[in-house]
Amino acid sequence: MAKYILRRFLHGLISVFIVVGIVMILIYSMLNRDLIFAGDSTYTNLGNNQKTVYKYRKWQEYGYIDFKSYAEYLQMLVNEEELSDEERDAVVNIGKKPESDSEEVAAYIAQFTEYFEKQGFKVERLNAVMATPRKYASGGQQQLFAYKDRPLWKRLTSYITGIITIDNIHAVQEDIGERKLTFTLHDPVYGGKKFSPAIIGNGTVHKYLLYFNSTFPFLHQNLISINLGKSYSVNAGIDVFTTMTTPQGSYVPREITYPTGLKEVSADDLHTAVYVLDSREANLVNEDRFVDDYTSVQTVKGGFSKMGYSFVIGIIAVLLSYGIGIPLGIAMARHKDKIIDKIGTIYIVFIIAVPSLAYIFLFKAIGGRLGLPTTFDMESTSKLMYVLPIISLALPSIGDLMKWLRRYMIDQMNSDYVKFARSGGLSEREIFTGHILKNAAIPLIHGIPASVLGALVGAIITERVYVIPGAGNLLTIAINRYDNGVIVGVTMFYAMLSVVSIILGDVLMAFVDPRISFSSKSR
Amino acid sequence: MENKDMKDLFSAYSEEELFSHVDHSDLESEKITAPRYSYWRSVFRVFFRNKVNIVILTILAILIAFTYIYPEVSEYDRFANLMNDAAKHLSPMAAIKKFGFSIHWILGTGAAGQPTFDAVWYGSRISLSLALICAAINLTVGILVGAVWGFSKKIDMVMTEVYNIIGNVPYILLISVLVLLFAPSFWTMVFALTVTGWLAIAYFIRTQVIIIRDREYNLASRCLGTPITRIATKNILPFMTSVIVTLAAVEIPSYISYEVFLAYIGMGLSEMSLGRLIYEAESAMVTPGWGFEFWSPVVVASIITIALYVTGQNLGDASDPRTHM
């Protein structure tokens with residue numbers, strides 16, 4: 001069984017990577033790559049050659065191309081000690097036009113060109129753009145650089161290998177003192193007296209690698225981080241997974257003690273401290289607060305994360321729909337062709353046939369009439385605002401469950417074992433709940449993991465209609481803003497969840513139904 | 001029903017013919033007689049036996065007439081009243097008062113002063129055409145591929161992998177990339193909805209084919225040397241008819257819903273389809289007195305989808321030979 005699941009999982013992993021590859025082809029190769037600058041104000045404000053170089057640099061940052069400027073090439077030579085700093089300074093400034101280069105510079109440019117063209121790069125030189133004969137036009141300085149399109153396989157492998165990073169004591173490049181991991185039973189964040197185990201690192205990116213706090217799930221870690229792709233416009237520079245899992249809402253200030261002993265009312269979460277080079281020298285506030293350069297902290301916020309909101313609403317809707325849908329489905333099958341079956345059928349037809357947008361608006365309008373809040377407000381403590389989104393999500397899945405349960409139960413009703421049970425004198429109730437339901441529910445059980453994990457993904461229309469700050473809208477927003485990193489990351493996340501939920505569904509089904517087995521014999 | 005048939009049977013004969021003496025004939029007694037059975041006639045007999053179907057079919061006919069004939073015979077210019085601020089967002093009563101009674105104004109006017117009634121039918125023509133064309137393409141390709149997929153075990157292995165992979169590429173992403181590559185026109189949308197849309201249908205058909213493929217009667221057929229094409233067309237296709245009709249009943253409304261959904265998230269057609277109308281009138285929903293311009297396209301879309309769905313479902317039931325008794 002374990003072997004089978006592992007094989008299925010690896011198989012699923014490969015198809016997830018192929019999916020990511022297809023998505024990468026779609027957005028990196030097929031779409032116009034200038035589109036990503038649509039909402040970038042820096043890009044709009046730059047002019048002439050500077051704009052071009054900015055464009056190439058961003059393309060490099062977001063994985064389209066490999067890019068090297070002439071200055072970077074010279075710096076590389078300096079690092080390899082083929083060139084001294086003085087020599088570099090003498091040749092780093094190129095002429096406004098190729099003709100105005102000095103002999104020395106021209107020699108290095110030729111070397112640069114040869115070096116990169118050999119590797120398949122394309123070398124481009126932009127001549128200076130002059131406003132007047134002596135003055136450069138805005139951003140008009142001359143530029144020299146080389147670039148090469150990054151092939152799909154390279155982009156894909158660097159993406160896949162970068163998904164999981166494990167923090168280690170050699171992560172910080174600079175001199176940081178003794179690199180080590182310390183295990184303590186008394187977390188210094190709580191004053192060093194309260195019992196609270198933690199692992200603290202020096203030389204790692206995060207200071208706290210493992211710690212306890214009072215929020216669910218109590219034990220937290222920074223050792224393994226998941227990177228699904230850096231956002232360009234949706235949440236600039238932040239990873240998709242972080243965007244989905246970071247709490248939102250207003251700050252929760254409380255009195256905290258900084259490592260220096262300074263007490264202050266602040267929303268900072270010291271457990272999230274990350275190393276920033278020379279941050280204490282650069283900022284006096286940090287000097288007052290911290291004893292080392294682990295100074296970049298996140299803040300404690302009152303709301304859930306995007307995924308949190310989606311999951312809370314989704315999971316309650318799932319529980320509700322199973323809680324209501326299953327009894328109703330049984331009732332419909334038991335009283336086939338009676339009034340309850342007919343009403344249920346009308347409801348099912350309504351839910352399936354009417355566009356989901358239409359009935360969500362209908363629920364919103366009805367709920368608004370009844371005085372329920374129709375928009376979501378993170379600052380509000382009222383639980384009532386969850387009601388309409390949950391109903392909107394639950395009602396269609398109730399219809400779906402009713403439809404399938406009724407179908408499966410009616411199919412079972414003429415089986416021999418039912419006739420036998422009836423002839424044995426069991427009551428109808430016993431037959432339905434004890435025998436038919438057990439058999440009819442097996443295909444439905446297969447879908448439970450999918451609906452639970454699906455709650456993490458969120459619902460596009462519901463979240464949009466009720467203005468919920470959830471994860472469901474992330475993909476559509478990313479598409480609208482041409483944010484490639486987010487698109488790839490979200491796709492990866494969806495595909496992974498769907499693979500896992502199918503496997504879990506199979507396992508669960510084998511668990512409840514002893515006839516289903518995944519051992520190689522029966523296959 | 002049967003009584004009536006009997007009466008018909010008897011009325012063809014005169015009294016003498018009915019009660020005259022008939023000699024025993026060995027040849028005649030060997031003949032096996034059964035009432036003549038025509039599949040499609042039985043389908044429609046069962047279908048029209050249910051009075052609800054007649055009502056729904058009438059509604060559907062009216063809707064289709066309005067969708068396809070009304071825009072042909074009436075003049076509609078969306079921007080005719082654009083400069084006339086007094087003509088915008090009118091309730092039906094106000095519009096009739098302003099323009100005089102005519103069918104154009106019975107649902108009031110929209111944001112550009114256009115008659116909502118006309119806008120809805122022009123929109124539903126686009127939406128319904130899109131749904132019908134997409135369903136036709138997807139069902140044809142899906143059924144053909146699904147049949148082959150179900151029959152061949154080698155193809156099954158390959159196609160299942162393809163299905164697992166393509167099924168995980170977000171549909172919205174695929175559509176939006178295609179819409180960005182080409183323009184958001186009608187045919188781009190058809191292409192976007194059909195380029196992978198057939199896969200799910202093919203998978204469904206494949207499962208059905210696999211269920212019937214190994215039934216005893218097909219096994220017997222194969223043992224007797226019936227060619228595979230004959231098994232497919234004579235043994236399996238009749239069994240699949242009701243499944244296919246039921247499938248079409250779900251598919252056609254689903255494209256209308258999908259178009260509405262895509263328009264709502266801002267990735268829909270550039271033409272004023274029903275989805276686009278709903279999307280543009282969304283703000284009117286909460287404004288008192290403007291409700292008609294939002295709810296009209298919603299209601300029309302809902303009625304069209306319900307009518308299509310119920311007709312298809314009942315036709316699917318009727319095309320199952322087991323209901324022909």
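Strand 10 (residues 254-257) of chain A and strand 11 (residues 263-266) of chain A run antiparallel and are joined by four bridges. Two strands are said to pair when DSSP finds at least two bridges between them. Within this pairing, T257(A) stands opposite K263(A) of strand 11 of chain A. The hairpin has five residues between the strands, and there G261(A) takes a positive phi near 100°. Strands (E, at least two residues) and helices (H or I, at least four) are DSSP runs, numbered from the N terminus.

This is a predicted model, in which local features need pLDDT of at least 70 and side-chain atom pairs count only at pLDDT 80 or more, while totals for chains, interfaces and linings use all residues. Residues are numbered from 1 along each chain as its sequence is written, and chains are lettered from A and ligands numbered from 1 in the order in which they are written.

**Domains of chain A**

The domain assignment, which is automatic or from a database, divides chain A into domain 1 (38-158), domain 2 (167-226 + 251-299) and domain 3 (306-512). Taken over C-alpha atoms, the centres of domain 2 of chain A and domain 3 of chain A are 42 Å apart.

**Where the chains meet**

Two residues are in contact if their C-beta atoms, placed from the backbone, lie within 7 Å. By that rule, 29 residues of chain A are in contact with 28 residues of chain B. On the side of chain A that touches chain B, helix 1 of chain A gives the most, with eight residues. The residues on this side are 23 nonpolar, six polar and no charged. Here Ala, Val, Leu, Ile, Met, Phe, Trp, Tyr, Cys and Pro count as nonpolar, Asp, Glu, Lys and Arg as charged, and the others, Gly among them, as polar.

**Cores**

A residue is buried if 20 or more other C-beta atoms lie within 10 Å of its own, exposed if 12 or fewer, and partly exposed in between. A nonpolar core is a set of buried Ala, Val, Leu, Ile, Met, Phe, Trp, Tyr and Cys residues joined through C-beta atoms within 7 Å. The largest such core has 137 residues, and V23(A) and Y255(B) are among those that touch the most other members. Helix 8 (residues 116-151) of chain B gives the most to this core, with 15 residues. Another core, of 13 residues, lies apart from it and includes Y73(A) and F112(A). Leaving aside neighbours within four places in sequence, V23(A) is in contact with residues of both chains, including I487(A) and V169(B).

Helix 17 (residues 291-318) of chain B reaches 40 Å from its first C-alpha to its last, close to the 40 Å expected for its 28 residues; the expected span is 1.5 Å times one less than the number of residues. G225(B), which follows helix 13 of chain B, has a positive phi near 90°.

F432(A) lies in helix 16 (residues 428-440) of chain A, and E463(A) lies in helix 19 of chain A. F432(A) counts as buried, with 20 C-beta neighbours inside 10 Å. E463(A) is buried too, with 25 other C-beta atoms within 10 Å. The table gives C-alpha to C-alpha distances.

| Pair | Apart in sequence | Apart in space |
|---|---|---|
| F432(A) and G454(A) | 22 residues | 30 Å |
| E463(A) and K263(A) | 200 residues | 40 Å |
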